[in-house]
Amino acid sequence: MYQIDVNGLAVDVVRKNIKNLHLAVYPPNGRVRIAVPLRVNDEAVRLAVIAKLGWIKRQQTRFQNQDRESQREYVSGESHYFLGNRYLLNVIQHHSAGRVVIRNKKTIDLYVRSNSDVFQRRRVMQEWYRAYLREAIPPLVAKWEKKVGVHISEWGIKHMKTRWGTCNIKAKRIWLNLELAKKSPRCLEYVVVHEMVHLLERLHNDNFHSLMNQFLPTWKQYRDELNHVPLAHEEWEY
Ligand SMILES: [Zn+2]
C-alpha cells in the first residue's frame with residue numbers, strides 16, 4: 001500500500017489482481033482507500049478519485065455526524081429520532097422497569113430508575129426501537145416476498161455501524177439495522193426490498209438497479225434520505 005495526494009486528500013492505494021477500481025471511505029476518521037487493478041496507472045487513479053470527491057466528502061461528513069450521534073447522553077432536552085421525526089427527550093425517574101412513551105407528537109418520555117447511567121438509558125431506548133421494528137418488519141417481509149417472488153428463511157435486527165442491512169444469500173437471511181427505527185417507515189421498507197432483491201441479484205449492478213426500479217421506482221429518494229443522515233461505510237464500485 002502507498003499513499004497519493006489528490007487535491008489535498010490523502011488516499012491509500014492498494015494494487016491488486018482485480019478487475020475494477022474499488023473506492024471506500026472508512027469510519028471513524030474517513031480514511032480513503034482505493035484498490036486498483038495492477039494495469040491502472042496513478043494518473044488514472046487520481047482521476048477516478050477526483051470524479052468521486054463529492055461522494056467522499058459526503059461520507060466523511062457523515063462519519064463526523066455519527067461521532068456526534070454516539071456522544072448522546074440520554075438527558076432531558078436532547079433530540080432523538082423515531083420514524084423520521086425529531087423528538088425532545090424528557091427523562092423521568094421512577095422506581096420500576098424502564099419504558100418509553102411518546103407524548104404530544106413532540107416529546108419522548110424516557111422512564112428510568114433514578115440511579116440509571118447512560119448505558120442503561122440507551123438500552124431502554126434501544127429496546128423500544130427494537131420492539132417497534134419487530135412489529136414493523138414481518139408485514140413488510142410478507143408483502144415483498146410476494147412481489148419480489150423470493151422467500152426469506154430468517155430475518156433479524158442488529159445494531160450495525162456500517163450497513164443499513166445485509167443479506168446472506170445462501171442462508172436467505174437478512175439483517176436490518178436497529179437504527180432504521182429512527183428513519184421514516186419508507187426507508188425501512190426500501191432497505192427490506194433492497195436486501196430481498198439481493199436474492200435475485202447479488203451485486204449492485206445494472207440488473208440490480210433495474211429490478212429496484214421495477215419493484216420500488218422511488219427507491220433512490222429513500223436511499224438519499226437514508227444517506228442524508230449519519231451512518232455507513234459505503235463503497236462505490238466502478
Ligand atoms: Zn446491497
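Me: Which strands does helix 3 lie across, and at what angle does it run to strand 9?

Reply: In this predicted model, helix 3 (residues 118–148) lies across strand 9 and strand 11 and runs at about 150° to strand 9. Contact here means heavy atoms within 4.5 Å, and the angle is taken between axes, which are lines fitted to C-alpha atoms (for helices over the stretch in contact), on a scale from 0 to 180 degrees between N-to-C directions. The helices (H or I, at least four residues) and strands (E, at least two) are DSSP runs, numbered from the N terminus.

Residues are numbered from 1 along each chain as its sequence is written, and side-chain values use heavy atoms, with hydrogens and water left out. Since the model is predicted, local features need pLDDT of at least 70 and side-chain atom pairs count only at pLDDT 80 or more, whereas totals for chains, interfaces and linings use all residues.

Me: What makes strand 9 and strand 10 the edge strands?

Reply: The open sheet has three strands in the order 9-11-10, with mixed pairing. Strand 9 (154–158) and strand 10 (165–168) each pair on one side only, and that makes them the edge strands. Neighbouring strands of this sheet are turned by 15° against each other on average, with direction ignored.

Me: How do you know that strand 9 and strand 11 are joined?

Reply: Two strands pair if DSSP finds at least two bridges between them, and five bridges join strand 9 to strand 11 (residues 173–177), the two running parallel. Within this pairing, Ile157 stands opposite Leu176 in strand 11.

Me: What makes strand 5 and strand 6 a hairpin?

Reply: Strand 5 (residues 79–82) and strand 6 (residues 85–94) pair in the antiparallel sense over four bridges, with His80 having Tyr87 as its bridge partner in strand 6. Two residues lie between these strands, and Leu83 in the turn has a positive phi of about 50°. Strand 6 also pairs with strand 8 (residues 107–113), in the parallel sense and over seven bridges.

Me: What makes the phi of Lys105 worth a note?

Reply: Most residues other than glycine have a negative phi. For Lys105, by contrast, phi is near 60°, a positive value. Lys105 is found in the loop between strand 7 (99–103) and strand 8, and it counts as exposed at 76% relative accessibility, given that exposed means over 50% relative accessible area, buried under 20%, and partly exposed in between (1.4 Å probe, protein chains only). Phi of Tyr74 is likewise positive, near 60°, but Tyr74, in the loop between helix 2 (53–70) and strand 5, is buried with a relative accessible area of 7%.

Me: How do you know which residues coordinate the zinc ion?

Reply: Donors are N, O and S atoms within 2.8 Å of the metal (3.2 Å for Na, K and Ca), and sites may look incomplete because water is not among the atoms. The NE2 atoms of His194, His198 and His204 coordinate the zinc ion at 2.0 to 2.1 Å, which is within that cut-off. His194 lies in helix 4 (residues 185–197) and His204 in the loop between helix 4 and helix 5 (206–215), so the pair ties together parts that are ten residues apart in sequence. His194 is buried at 12%, whereas His204 is exposed at 53%.

Me: Why is the aromatic pair of Phe82 and Trp128 called tilted?

Reply: Rings of Phe, Tyr and Trp (its six-membered ring) pair if their centres lie within 6.5 Å, and planes under 30 degrees apart count as stacked, over 60 as edge-to-face and the rest as tilted. The count comes to five aromatic pairs. Phe82 and Trp128 are 4.3 Å apart centre to centre with 35° between the planes, and therefore the pair is tilted. This pair links Phe82 in strand 5 with Trp128 in helix 3, 46 residues apart. Tyr190 and Trp219, at 6.3 Å and 15°, form a stacked pair.
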